Amino acid sequence: VEKELRTAVEKYNAKSGMAAFVDCQSGEVLAMAHFDPSETNPDKPVKLRVISDQFEPGSSFKIFSAAALLDADAVNFSDTLNCEMGEWVIGRRTLHDSEKHGWLNFRGIFELSSNIGIAKEAITIGGENIFEEAKQFGIGRKTGINLPGEASGSIAHPAVWSDFNIATLSIGHGVSVSTLQLAMGAATIANGGTLYKPQIIAGYVDDKGLVAERTVPVVVAHPLEESSAD
């Protein structure tokens, strides 16, 4: 993982890179690493940024917004929505897409990552539903991994859920996550709807070096229905 991160950072001239690989069916962490060429000694990092650093997830947050929409049964896959050719005025603000899209169905909105499409859908169920669904996925709290220096991330609850507040939340603005939080959330969808606690210890050995006790998966929550995950 470290080798691949170094290769990717150098290839794309990125400032840094982070990666977390987990077993979706158990929460076992298989690998976590980062590469930052600005560090004094990149081969001997002083902290694990996968759990300590926070960033705004942006469009990757849309998986949680989509989960809320599906669980609320608010999506009809045969319906289409006008994505306003990439520019939508909400009150005094304007929401943009990186590409100009017209009428799209939900699958198209998600595949093309339309900010406007997701925002319009999110407004139909309200900000509170998106907010609570994200919290169920572990956003805004520590994962509980047994390592020091873990960040909790954050998700703000506005005083008033205006359409613009709902729109920006649904596309991951005003939210912060760690790489591990994001990975565990994605794993939840991959395994059918179960959020596991990430674990780095496979088991315990006795004084003879034999495995005396294996770590069992720890379920944190069931944020979404299996049909929604599917």
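These are my notebook entries on what I looked up in this predicted model.

**Ground rules.** I number residues from 1 along each chain as its sequence is written, and my side-chain values use heavy atoms, with hydrogens and water left out. Since the model is predicted, local features need pLDDT of at least 70 and side-chain atom pairs count only at pLDDT 80 or more, while totals for chains, interfaces and linings use all residues.

**Entry 1: the whole chain.** I began with the secondary structure and found 9 helices and 12 strands. Helices (H or I, at least four residues) and strands (E, at least two) are DSSP runs, numbered from the N terminus. The C-alpha atoms fill a box of roughly 65 × 40 × 35 Å along the principal axes. Of the 230 residues, 43% are buried; buried means under 20% relative accessible area, exposed over 50%, and partly exposed in between (1.4 Å probe, protein chains only). I then looked at contacts (heavy atoms within 4.5 Å). Among those with a separation of 6 or more, 63% join residues 24 or more positions apart.

Entry 2: Next I looked up strands S1 (residues 17–22) and S2, which pair in the antiparallel sense over 6 bridges. Two strands pair if DSSP finds at least two bridges between them. Gly-17 has Phe-35 of S2 as its bridge partner. The two strands form a hairpin with 6 residues between them, and Gly-27 in the turn has a positive phi of about 90 degrees. S2 (residues 29–35) is mostly covered, with 5 of its 7 residues buried.

**Entry 3: rings.** How many aromatic pairs does a search of the whole structure find? I got 5. Rings of Phe, Tyr and Trp (its six-membered ring) pair if their centres lie within 6.5 Å; planes under 30 degrees apart count as stacked, over 60 as edge-to-face and the rest as tilted. Phe-77 and Phe-106 make an edge-to-face pair, 6.0 Å centre to centre with 80 degrees between the planes. Phe-77 lies in the loop between helix H3 (62–71) and strand S3 (80–82) and Phe-106 in helix H4 (residues 106–111), so this pair ties together parts that are 29 residues apart in sequence. I checked cover too: Phe-77 is partly exposed at 46% relative accessible area, whereas Phe-106 is buried at 5%. Ring pairs also link Phe-61, Phe-64 and Phe-137 into a cluster. Elsewhere, the charged end of Lys-120 sits over the ring of Trp-88, 5.2 Å from its centre (the rule is NZ of Lys or CZ of Arg within 6 Å of the ring centre and within 35 degrees of the ring normal).

**Entry 4: Glu-150.** Is Glu-150 buried or exposed? I noted it as buried, at 10% relative accessibility. Glu-150 is in the loop between helix H6 (127–136) and strand S7 (154–155). Its C-alpha is 4.8 Å from that of Ser-52, 98 residues apart along the chain. The side chain of Glu-150 makes a polar contact with the side chain of Thr-143 (2.6 Å). A polar contact is a pair of N or O atoms within 3.5 Å; within protein, one must be able to donate a hydrogen and the other to accept it, and residues adjacent in sequence count only if both atoms are side-chain atoms. The backbone nitrogen of Gly-144 lies 3.3 Å from a polar atom of the Glu-150 side chain.

**Entry 5: helix H7.** In H7 (residues 163–170), 6 of the 8 residues are buried, so the helix is largely enclosed by the rest of the structure. Phe-164 and Leu-169 are among them. Gly-172, with a positive phi near 80 degrees, follows H7.
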